[in-house]
Amino acid sequence: MISILKPGKDPAVTSSYQPINLLETTGKLFEKILLARILHIVSKCGLMRDEQFGFRPRHSTSLQLARLVERISRNFGEKRLASAVFLNVAKVFDTVWIDGLLYKLTLLNFPSYVVHTISSYIRSWMFEASFQMATSSCSGLRAAVAQGRLISPVLFSLYVNDMPSPSHHVELALYTDDTAIIATSHKLTLLASYLESYCKDLQQWLSEWRIAINVSNSTAITFARAGWCFIQH
């Protein structure tokens with residue numbers, strides 16, 4: 001694992017660095033085979049929720065953004081207001097609960113041999129950190145998925161696949177660790193009520209599955225009719 005300083009961040013603070021995992025060729029080949037098997041099962045059985053556009057065939061960031069723009073534009077045409085809360089998960093791949101992930105894969109009816117393979121693989125991960133001229137001793141990972149691994153984004157998407165379903169007035173737009181919660185109504189007070197109600201259910205779910213939100217990278221926006229102006233909270 002090597003650490004790369006994020007642009008504009010304080011080099012004296014450990015959180016200013018992005019950890020990048022370097023995997024040997026044999027490991028990359030194995031992960032490609034395992035990833036293909038996981039994606040085949042997900043596609044064949046329709047396991048991924050419709051709102052999730054991350055790392056899925058025929059889905060992309062652009063398509064998810066187009067979906068959001070279309071929904072907001074339709075609200076303007078119907079003289080409705082739209083508010084959205086954009087959430088970003090803190091340390092997305094570093095804090096996934098291993099037992100929770102394996103439990104959810106079992107609930108999704110993944111073949112037992114695939115669950116056992118994933119369990120054996122991620123529990124055996126070892127790493128050493130390299131910074132400048134220094135290298136640490138080798139240690140085991142306490143998180144289920146590591147930044148930079150081929151299978152990590154898909155495993156995380158499956159881990160959050162049972163996120164609470166919204167009510168009639170609220171929609172979700174997901175891209176791996178990025179979550180947009182969109183509410184629509186003719187009244188601004190109702191928008192706040194809808195979002196507050198869903199976020200309350202979401203907070204309980206996040207706490208149960210040990211997922212933290214990066215508050216500094218999260219925001220709330222109310223879209224207004226006047227062009228594409230918006231009010232940011």
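Visitor: Which residues make the nonpolar surface patch of about 270 Å²?
Guide: That nonpolar patch is made by Ile-2, Ile-4 and Leu-22. Patch members have over 30% relative accessible area and no salt bridge, with nonpolar side chains joined within 5 Å; a salt bridge is a Lys or Arg side-chain nitrogen within 4 Å of a carboxyl oxygen of Asp or Glu. Areas are Shrake-Rupley values with a 1.4 Å probe. This is a predicted model, in which local features need pLDDT of at least 70 and side-chain atom pairs pLDDT 80 or more, while totals for chains, interfaces and linings use all residues. Residues are numbered from 1 along each chain, and side-chain values use heavy atoms, without hydrogens or water.

Visitor: Where does Ile-4 lie?
Guide: Ile-4 lies in strand E1, residues 2-5.

Visitor: And why does Ile-4 count as partly exposed?
Guide: Ile-4 counts as partly exposed because its relative accessibility is 44%; buried means under 20%, exposed over 50%, and partly exposed in between.

Visitor: What share of the protein counts as buried?
Guide: Of its 233 residues, 41% count as buried. The C-alpha atoms fill a box of roughly 60 × 45 × 30 Å along the principal axes.

Visitor: How many helices and strands are there in the protein?
Guide: The protein has six helices and 11 strands, taken as DSSP runs of at least four residues for helices and at least two for strands.

Visitor: Changing topic, how many cavities of 30 Å³ or more does the structure hold?
Guide: It holds two. A cavity is a set of points on a 1 Å grid where a 1.4 Å probe fits but cannot get out, and lining residues have an atom within 4 Å of a point. The largest cavity contains about 80 Å³ of space, volume being the space filled by probe spheres set on the points.

Visitor: What lines the largest cavity?
Guide: Its lining has 14 residues, and Val-89, Met-163, Thr-179, Leu-206 and Ile-213 lie nearest the centre. Strand E3 (81-88) and helix H6 (188-208) each give two or more residues to this lining. The largest share, three residues, comes from H6.

Visitor: How many of those lining residues are nonpolar, polar or charged?
Guide: The lining has 10 nonpolar, three polar and one charged residues.

Visitor: Which residues line the second largest cavity?
Guide: Arg-67, Leu-68, Arg-71, Glu-171, Leu-172, Ala-173 and Ile-182 line it. Helix H2 (61-77) and strand E8 (170-175) are the elements that give two or more residues. This second cavity has a volume of about 30 Å³, and its lining has four nonpolar, no polar and three charged residues. Here Asp, Glu, Lys and Arg count as charged, Ala, Val, Leu, Ile, Met, Phe, Trp, Tyr, Cys and Pro as nonpolar, and the others as polar.

Note on methods: 1 Å grid on protein atoms, 1.4 Å probe; cavity = no way out; pocket = protein on both sides within 12 Å on 5 of 7 lines; lining within 4 Å. Patch = residues over 30% accessible without salt bridge, like charges linked within 9 Å, V, L, I, M, F, W, Y side chains within 5 Å. Buried < 20%, exposed > 50% of the residue type's maximum accessible area, 1.4 Å probe, protein only.
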